[in-house]
Amino acid sequence: MVIGKQLRSDFLVSGKTIVYLKTMKKLKFTILVMCIFALTANAQITSDDKLNWWGDIDGFINQQDKITLDAVNEALKKYPPSLDEPMERRMAMLMIDGVLHEEKAAYRPAVQKFLQQRIQLAIGELEVAKVTKGAMIWKLYNHGFIIRTASVTFGFDLVRAHSARAEGFEIPDREMQKIIDQCDALFISHRHRDHGDIWVAQKFIDQNKPVVAPPEVWRDQDIHSKITHLKREAQTKQTLTIQQGKEKLIVINNPGHQGSDIENNVPLIFTPEGLSFVQTGDQSGPESDWKWIDELGTHNRVDVLFPNCWTTDIRRMIKGFRPKLVMTGHENEMGHTIDHRESNWLTYTRLQGATVPYVLMTWGESFHYLP
Ligand SMILES: [Zn+2]
Ligand SMILES: [Zn+2]
């Protein structure tokens, strides 16, 4: 603009002045059009159009994760969980391991979006699913599962994924609230953050829904007196009233441990339909715990076992529990370092030659169990 003013004063008297000023106007207009074009073009370049990532390693890895996880979502949709797993599905499960076993994975926007998309799928189903036969089973983050039969819905170890300690890698509160709204009760295995989330527990209690946990969970906090502390005894059947007294669950609250001293409930839950489900939390206890594990299946019918994939001896546990079906949990818990993050491929290895059928799911997937 300064140039324009300057030129105007310099050429004011000459006949060429008018011609020059017209040229300047045209030039200004052309520059303006070019600027607008450049700005619009810039806005249209997305990461999907970008053909060169030199100098942007984080951008490259994030884009690679996005492309991979989009393909994973597509494959999982086409090949849902089943007893007879096709190679396409297995490959998708292995691709998830590849993406998640990277130091910065939980910080990558593509991974954060993947978790949220997967959980959204489960919420969408939970809000409409009616069960007439057997049970619908959803896998959420880490060792979280939800079971729904014709009469009841309950959850194990439901958490918002804050154990990953990566901002943005989480199940948002409003989404978790929708999940809580769909459940009648919550069972928390033990005190660790990848299994127990005090915010989630409080929301259940606010809705007058029981939360069952071992006595040492949140012992010094106000919520402790509101938690249901069933006796930790193998073989004792206890009653848990739900739906404001309308229904009840029968629970054998097995006294498990993580390591030598962390209290870890291993509840075997019988629904009003007579189906039974047991989730093991981080069971990896002392030798003495094998006494009730080795015998559990001889005294009780077990429909579905949800073990921690890394438990001390998963084959011995399966032998003791004698379930009709195994569905592992705890794969890809992002709060753990890569060596103990566990993975789908390792679950396949651990369950090789298992005498009981198993179905491996990832976040947000569901399976209709028919006894
Ligand atoms: Zn633990
Ligand atoms: Zn754990």
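Colleague: In which helix is Glu74 found?
Modeller: A word on the source before we look: this is a predicted model, where local features need pLDDT of at least 70, side-chain atom pairs count only at pLDDT 80 or more, and totals for chains, interfaces and linings use all residues. Residues are numbered from 1 along each chain as its sequence is written, while chains are lettered from A and ligands numbered from 1 in the order in which they are written. Helices (H or I, at least four residues) and strands (E, at least two) are DSSP runs, numbered from the N terminus. With that naming, Glu74 sits in helix α3.

Colleague: Is Glu74 buried or exposed?
Modeller: The count to look at is that of other C-beta atoms within 10 Å, all placed from the backbone: 20 or more makes a residue buried, 12 or fewer exposed, and anything in between partly exposed. Glu74 has 12 such neighbours, so this residue counts as exposed.

Colleague: How far apart are the C-alpha atoms of Glu74 and Ala92?
Modeller: Along the chain, these two residues are 18 residues apart. Ala92 belongs to helix α4, where it is among the residues that meet α3. Between the C-alpha atoms of Glu74 and Ala92, the separation is 9.1 Å.

Colleague: How are α3 and α4 placed relative to each other?
Modeller: Axes here are lines fitted to C-alpha atoms, for helices over the stretch in contact, with angles from 0 to 180 degrees between N-to-C directions. The axes of α3 (residues 57-78) and α4 (residues 87-100) come within 9 Å and cross at roughly 150 degrees. Angles under 35 degrees count as roughly parallel, over 145 as roughly antiparallel, 65 to 115 as roughly perpendicular and the rest as oblique. The two helices are therefore roughly antiparallel.

Colleague: How many nonpolar residues does the contact of α3 with α4 have?
Modeller: Two residues are in contact if their C-beta atoms, placed from the backbone, lie within 7 Å. On the α3 side we find Asp65, Thr68, Leu69, Val72, Ala75 and Leu76, facing Glu88, Arg89, Ala92, Met95, Ile96 and Val99 of α4. Ala, Val, Leu, Ile, Met, Phe, Trp, Tyr, Cys and Pro count as nonpolar, Asp, Glu, Lys and Arg as charged, and the others, Gly among them, as polar. By class there are three charged residues, one polar, and the nonpolar ones number eight.

Colleague: At what angle do the axes of α5 and α6 cross?
Modeller: In this pair, Ile119, Ile123 and Leu126 of α5 meet Glu175, Lys178 and Ile179 of α6. Those residues divide into four nonpolar, no polar and two charged. The axes of α5 (residues 109-126) and α6 (residues 173-181) come within 10 Å, and they cross at roughly 35 degrees.

Colleague: In which loop is the place of Gln244?
Modeller: Gln244 also has a positive phi of about 50 degrees without being a glycine. It counts as exposed, with 9 C-beta neighbours inside 10 Å. Its place is in the loop between β6 (237-242) and β7 (247-258).

Colleague: How many other C-beta atoms lie within 10 Å of Ile147?
Modeller: Ile147 is part of strand β2 (residues 145-148). Leaving out residues up to four places away in sequence, Ile147 touches Ala135, Ile137, Thr153, Phe154 and Phe277. Ile147 is buried, and the number of other C-beta atoms within 10 Å is 24.

Colleague: How far apart in space are His162 and Gly335?
Modeller: His162 lies in the loop between β3 (153-156) and α6, and is partly exposed with 17 other C-beta atoms within 10 Å. Not counting residues up to four places away in sequence, His162 touches Glu170, Arg193 and Asp197. Gly335 is 173 residues away in sequence, yet the C-alpha to C-alpha distance is 8.1 Å.
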